[in-house]
Amino acid sequence: MDSSQEKKMKAVILYDSRTKSGSTEAIIDAMGQKLAERGVYVEKAKCKALADYSFVCDFDLVILGAPVYYFLVSSQLLGALNYGNLKEHLQKKKVALFLTCGSSESMASVLYLPQLKIHLIRNKILVEKIFPPNVLSESFVLDSFVLDVLHEYNKATKSRALSAKWTDESKEWLQTIPSFLQSKFRTMAEEYAENMGYKEITLEMLELARDEMGGT
Ligand SMILES: Cc1cc2nc3c(=O)[nH]c(=O)nc-3n(C[C@H](O)[C@H](O)[C@H](O)COP(=O)(O)O)c2cc1C
């Protein structure tokens, strides 16, 4: 396996659907294809409440999706979160959520999404979306979901260690400010360097950043 394959992002779509080859499954297949076209390794797994979800740890991103039936998010996905070990294996995972349902987006956001989100308070939820059952006829909606997920994932995982390096001088300067402020300053400087394309965080760059951010 070459290094580009090793770095491929791995996503799993965990879903539920009551109907065989129903709308949720069709949406997932289209979503999986769009993710794969953008270089993501994708698998899908239909939820069973009491299945073993330890395989989730092999994935960088978990997309959870289900239809709504009689005001409830479909039962196997909720069951896996409530009674199975899914929640345990989702810890610290980046997740994206979607529901397929007949209700309006605003209603579904209030009534249905919280049924999933209550189990995910410790997760970084990258994107959440309500799809109408006929979303495949408006494929840009699915495209924008996939793009949003990838954008948010990249934003959340961008390693600052891989971006600008601190020079010895600037590291020493960082030590001179109160320790409770150091982490905030470090993040601000690294974000500035990243946005402005600096490969090194020098004292000069820190001065520029301070001037531009209106610091003293
Ligand atoms: C019996 C039945 C009950 C439904 N109940 C709801 C509901 O309470 N709220 C809602 O927004 N949509 C409801 N829907 C719409 C489904 O969520 C929607 O059609 C969904 O895309 C079905 O997904 P599936 O084909 O993958 O099972 C219901 C659909 C059916 C057939």
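This report describes the predicted model of the protein, from its overall layout to single residues.

## Overall layout

The model is a prediction, and the protein in it has 216 residues, of which 28% count as buried. Its secondary structure consists of ten helices and eight strands, and the C-alpha trace spans about 65 × 40 × 35 Å along its principal axes. When contacts between residues at least 6 apart in sequence are considered, 78% of them join residues that are at least 24 apart.

The domain assignment divides the protein into domain 1, covering residues 3-157, and domain 2, covering residues 161-212. Between the C-alpha centres of domain 1 and domain 2 there is a separation of 37 Å.

## Strand S1 and its partners

Strand S1 comprises residues 10-15, and five of its six residues are buried, so that the strand is mostly covered. On one pairing, S1 is joined to strand S2, residues 41-46, by six bridges, and the two strands run parallel. Within this pairing Ile13 has Lys44 as its bridge partner in S2, while Leu14 stands opposite Ala45 of S2.

S1 also pairs with S3, again in the parallel sense, and here five bridges are found. In this second pairing the bridge partner of Ala11 is Leu61 in S3. Helix H2, which spans residues 23-37, belongs together with S1 and S2 to a right-handed β-α-β unit.

## The shell around the ligand

The ligand is surrounded by 17 residues, and the closest of these are Gly22, Thr24, Pro67, Cys101 and Ser103.

## Helix H3 and its cover

Helix H3 runs over residues 75-82, and within the helix Gln76, Leu77, Leu78, Ala80 and Leu81 are buried. What covers these buried residues includes strand S1, strand S3, strand S4 at residues 72-73, helix H4 at residues 86-90 and helix H6 at residues 113-117. As background to the spacing of residues along a helix, an α-helix has 3.6 residues a turn, so residues three or four places apart point the same way.

## Residues in loops

Tyr70 has a phi of about 50 degrees and lies in the loop between S3 and S4. Because a residue with 12 or fewer other C-beta atoms within 10 Å is classed as exposed, Tyr70, with 5 such atoms, is exposed. For Lys92 phi is near 70 degrees, and the residue is found in the loop between H4 and strand S5, residues 94-100. Lys92 has 9 C-beta neighbours inside 10 Å and therefore counts as exposed.

Lys48 is placed in the loop between S2 and S3. With 14 C-beta neighbours inside 10 Å, Lys48 counts as partly exposed, a class that lies between the buried limit of 20 or more and the exposed limit of 12 or fewer. Its C-alpha atom is separated by 8.9 Å from that of Ser75, although Lys48 and Ser75 are 27 residues apart along the chain.

## Phe185 in helix H9

Phe185 is located in helix H9, which covers residues 179-196. Because 17 other C-beta atoms lie within 10 Å, Phe185 is classed as partly exposed.

When residues up to four places away in sequence are not counted, Phe185 touches Leu174 and Ile177. Leu174 is eleven residues from Phe185 in sequence, and the C-alpha atoms of the two residues are 7.9 Å apart in space.

Definitions and conventions. Residues numbered from 1 in each chain as written. Predicted model: local features only at pLDDT ≥ 70, side-chain atom pairs only at ≥ 80, totals over all residues. Near = placed C-beta within 6 Å. Helix = DSSP H or I, 4+ residues; strand = E, 2+ residues; numbered from the N terminus. Domains from an automatic or database assignment. Contact = placed C-beta atoms within 7 Å. Pairing = 2+ DSSP bridges. Right-handed = clockwise from strand over helix to strand, strands pointing away.
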